Amino acid sequence: MVVSLMVPLDEDAWRKILDRVGETGADGVELNFGCPHGMAERGMGSAVGQVPEYVGQITQWVKKHSDLPCIVKLTPNITDIRQPALAAKQGGADAVSMINTINSITSVNLDAMCPEPMIDGLGTHGGYCGPAVKPIAMNMVAEVARWEKTAGIPISAIGGISTWRDAAEFMALGAGNAQVCTAAMTYGFRIVKEMCSGMSQWMDEKGYTKTSDFIGMATPRVTDWQHLNLDYVTKAEIDQDLCISCGRCFAACEDTSHQAIAMSEDRTFTVKDDECVACNLCVNVCPVEGCITMRRLEPGETDLRTGMTIPAEDDKRTWLEHPNNPMGDPLTCISRGQ
Ligand SMILES: Cc1cc2nc3c(=O)[nH]c(=O)nc-3n(C[C@H](O)[C@H](O)[C@H](O)COP(=O)(O)O)c2cc1C
Ligand code: SF4
Ligand code: SF4
């Protein structure tokens, strides 16, 4: 049992509550530095999580006044999640957990002209959670897992986890375990049992005997944009046997991408290789699974859009070396040193 705590920024108040938690026989504490409403206004929750100095200070107090393992729960309502994570680590935290909820207004009542839910004619922001926040949470987990200053601190992942696959994805990015809130609220605790059996089956299929066999396996494959291979050129390809001529790819590419799909009078759709920039939009809008795929150009092939020849694998270039970089000299690139 891990006890979640939210206490004002006062050492004595933390000491007192930690004494009481110690008496319960709890296995650990999680410091809630993420609650975005009600508590933040009283100087707790995200009001603490947004100030790395406070995060570090309170973590130190907790480690001083308690022997229990201490997880610091971070708020996503901050520009760079790595800074409070670093402060937690420096303060002596045994682990960090992320994310708490994201400040949000989910709807406006257009008759009352008021955000919902309405409280006596007024509304305020709420905390966004559930499947929509998973991509944001995964990025934050990856940021903390791969930054050299925070790498290695155990991470407990939270944010939109509803299936075993969600949990496995977070764990592949570096989280040691996963927490479930919205899905349990929606479907009940039983969903966690289903997640456990799903993950166990997947692990058997993959030959993993323990979660540490795959935790963090995807972390080294997360990089910054400037390190991607710019010579990795792909073109959309339409399988004419699968195409149902709905025209969605044409509308999407014509109106909002690169006008790279041609439509003939008999509604045959073909990709113009000299225009396609590989944005993948058509793949996403096509309703037929596998109908549009992206084909990688092989070394020696010419990209008809740019006229450039794809170099051999060993000669591939990132943004730092590629002639498309307007900064030219990689030493002057804004990304220098990253
Ligand atoms: C109704 C509700 C109440 C919550 N209360 C707390 C809380 O008391 N302490 C806390 O640390 N997080 C609280 N959270 C945040 C969740 O623990 C979790 O961090 C967040 O909802 C994201 O995970 P999810 O997408 O699985 O819900 C609450 C979330 C919801 C939806
Ligand atoms: S990948 Fe993008 S640019 Fe290429 S055809 Fe599809 S939508 Fe058009
Ligand atoms: S979206 Fe898919 S099915 Fe529809 S026309 Fe394009 S390729 Fe064919």
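Trainee: How do the residues of the shell around ligand 1 divide into nonpolar, polar and charged?
Mentor: Some conventions come first: this is a predicted model, in which local features need pLDDT of at least 70 and side-chain atom pairs count only at pLDDT 80 or more, while totals for chains, interfaces and linings use all residues. Residues are numbered from 1 along each chain as its sequence is written, and chains are lettered from A and ligands numbered from 1 in the order in which they are written. For the classes, Ala, Val, Leu, Ile, Met, Phe, Trp, Tyr, Cys and Pro count as nonpolar, Asp, Glu, Lys and Arg as charged, and the others, Gly among them, as polar. On that basis the shell around ligand 1 holds eight nonpolar, 10 polar and one charged.

Trainee: Which residues come nearest to ligand 1?
Mentor: A residue is near a molecule or strand if its C-beta atom, placed from the backbone, lies within 6 Å of it. There are 19 residues around ligand 1, and those that come nearest are Asn-32, Cys-129, Ile-158, Cys-181 and Thr-182.

Trainee: Which helices each supply at least two residues of the shell around ligand 2?
Mentor: Helices (H or I, at least four residues) and strands (E, at least two) are DSSP runs, numbered from the N terminus. The shell around ligand 2 has 12 nonpolar, three polar and no charged residues, and of its 15 residues Cys-253, Cys-276, Cys-279, Leu-281 and Cys-282 come nearest. The helices that each supply at least two of the shell residues are H9 (248–256) and H10 (281–285).

Trainee: Which residues come nearest to ligand 3?
Mentor: By class, the shell around ligand 3 has 10 nonpolar, two polar and one charged residues. Of the 13 residues around this ligand, the nearest are Cys-243, Cys-246, Arg-248, Cys-249 and Cys-286.

Trainee: What separates the centres of domain 1 and domain 2?
Mentor: The domain bounds, which come from an automatic or database domain assignment, are 2–221 for domain 1 and 235–332 for domain 2. The C-alpha atoms of the protein chain fill a box of roughly 75 × 55 × 45 Å along the principal axes. Taken over C-alpha atoms, the separation of the two domain centres is 39 Å.

Trainee: In what order do the six strands of the open sheet stand, and which of them are at the edges?
Mentor: The protein chain has 10 helices and 14 strands, and two strands pair if DSSP finds at least two bridges between them. Six strands form an open sheet with parallel pairing, in the order S1-S2-S3-S4-S9-S10. Each edge strand has a single partner strand, so one side of each is left without a neighbour in the sheet, and these edge strands are S1 and S10 (177–178).

Trainee: What is the bridge partner of Ser-4 in S2?
Mentor: Ser-4 is in strand S1 (residues 2–5), and S1 and S2 pair in the parallel sense over four bridges. Two residues are in contact if their C-beta atoms, placed from the backbone, lie within 7 Å; leaving aside neighbours within four places in sequence, Ser-4 is in contact with Glu-30 and Asn-32. The bridge partner of Ser-4 in S2 is Glu-30.

Trainee: Is Cys-35 buried or exposed, and why?
Mentor: A residue is buried if 20 or more other C-beta atoms, placed from the backbone, lie within 10 Å of its own, exposed if 12 or fewer, and partly exposed in between. Ser-4, with 12 C-beta neighbours inside 10 Å, therefore counts as exposed. Cys-35 lies in the loop between strand S2 (28–32) and helix H2 (46–49). Because Cys-35 has 22 C-beta neighbours inside 10 Å, Cys-35 counts as buried.

Trainee: Which residues of the largest nonpolar core touch the most other members, and which helix gives the largest share of this core?
Mentor: A nonpolar core is a set of buried Ala, Val, Leu, Ile, Met, Phe, Trp, Tyr and Cys residues joined through C-beta atoms within 7 Å. Of the 58 residues in the largest one, Val-72, Val-96, Val-141 and Phe-170 touch the most other members. The largest share of this core, seven residues, comes from helix H5 (residues 134–146).
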